[in-house]
Amino acid sequence: MQKAVIFDVFTLFPEVFEPYLHTSIMQRARQREILTVRLHYIRQWTTDRHHVTDDEPYGGGGGMVMKPEPVFAAVEGVLGSPPACPLILLTPQGRVFTQAVARELAGVALRLEDDAQSDEGPRRLALLCGRYEGVDERVRQHLVSDEISIGDYVLTGGELAALVLIDAVVRLIPGVLGDPSGAIDDSHASGLIEYPHFTRPAVFRGWNVPDVLLSGDHARIDRWRREQALLRTWQRRPDLFETALLSEEDREFLASLQGNEGLRLED
Ligand code: ADE
């Protein structure tokens, strides 16, 4: 059976999501029902005449804080109490989103066979987008089950972060990408930076595509790509080697780089 993922997104700005979810791979995944995104407008869960969703912080200071009542009402109204699936708050205070976290969330959302939570685990993920200075701490303490940041910078709200998370998780679902190997070769999928890509023409403004890629020798091409991935990672993100899976051959290649600072591999 085709795996599918459902996101319930709680936001004050549902319109932010529409254009992206109607584009390209996201659109196709939704049409094929591999992806379902339900947008829940938190303001609709207010009960006062002015539909107020934020208020001044106790203790003073600048900025506004998202009030707990509409957030609890929206989440519990849609997901029940306690929420029937993990509720992730997008916030710069959360754990940092990486490819490993994307894989973990795809496993949760899909109940993958090899996932420890496969049988009882939730099929859905819910995302809560923070705005203003943040959400009332009681939302964090009593409603949210996880907190994720997409990086060490502060956005005006969690909506873009939620889209980043949805995109990274959805493209891991088998069948979402046209080419099934796409998500495997990606930068970071193997813990390394990806090798360089070239397409036609073979010569552009006098710049040649490396000969090896035109050779038709797939074993050589694979080896070249792996070495390029190792070289790029070594040059740009050596921190990734702490967790990357490396073969004996990879290690030998890396050892050969040590004495060749600044080397550019062509073929
Ligand atoms: N909201 C504001 N900044 C954010 C970030 N870096 N990650 C996730 N949510 C956010």
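## Domains

The chain falls into two parts, domain 1 (5–181) and domain 2 (187–267). This is a predicted model. Between the C-alpha centres of domain 1 and domain 2 the distance is 36 Å.

## The nonpolar cores

The largest nonpolar core has 38 residues. Those that touch the most other members are Phe7, Leu35, Phe97, Leu105, Leu127, Leu165 and Val170. Two or more residues of this core come from each of the strands β1 (5–11), β2 (35–41), β5 (87–96) and β6 (124–129). The helices α1 (17–21), α2 (24–31), α4 (99–110) and α6 (159–170) also give two or more residues each. The greatest contribution is that of α6, with eight residues.

With neighbours within four places in sequence left aside, Leu127 is in contact with Phe7, Asp8, Val9 and Phe10, among others. Its contacts also include Leu87, Ile88 and Leu90, as well as Ala162, Leu165 and Ile166.

Asp54 is placed in strand β3, which covers residues 54–55. Asp54 is buried, yet it has no salt bridge. The nearest side chain of opposite charge is that of Arg43, at 5.9 Å. A salt bridge would need a side-chain nitrogen of Lys or Arg within 4 Å of a carboxyl oxygen of Asp or Glu.

Neighbours within four places in sequence aside, Asp54 is in contact with Met64, Val65, Met66, Lys67 and Tyr132.

## The aromatic pair

The structure holds one aromatic pair. It is formed by Phe204 and Trp207, whose ring centres lie 5.9 Å apart. The planes of the two rings are at 55°, so the pair counts as tilted.

The two residues are assigned to separate accessibility classes. Phe204 has a relative accessibility of 43% and counts as partly exposed, while Trp207, with a relative accessible area of 55%, is exposed.

## Ala219 in helix α9

Ala219 belongs to helix α9, which runs over residues 218–236. Ala219 is exposed, because its relative accessible area is 52% and the class begins over 50%.

Ala219 and Gly191 are 28 residues apart along the chain. Their C-alpha atoms are separated by 21 Å.

Definitions and conventions:
Residues numbered from 1 in each chain as written. Predicted model: local features only at pLDDT ≥ 70, side-chain atom pairs only at ≥ 80, totals over all residues. Heavy atoms only, no water. Helix = DSSP H or I, 4+ residues; strand = E, 2+ residues; numbered from the N terminus. Buried < 20%, exposed > 50% of the residue type's maximum accessible area, 1.4 Å probe, protein only. Lys, Arg positive; Asp, Glu negative; His and termini not counted. Contact = heavy atoms within 4.5 Å. Core = buried A, V, L, I, M, F, W, Y, C linked by side-chain atoms within 4.5 Å. Phe/Tyr/Trp six-rings, centres within 6.5 Å; stacked < 30°, edge-to-face > 60°. Domains from an automatic or database assignment.
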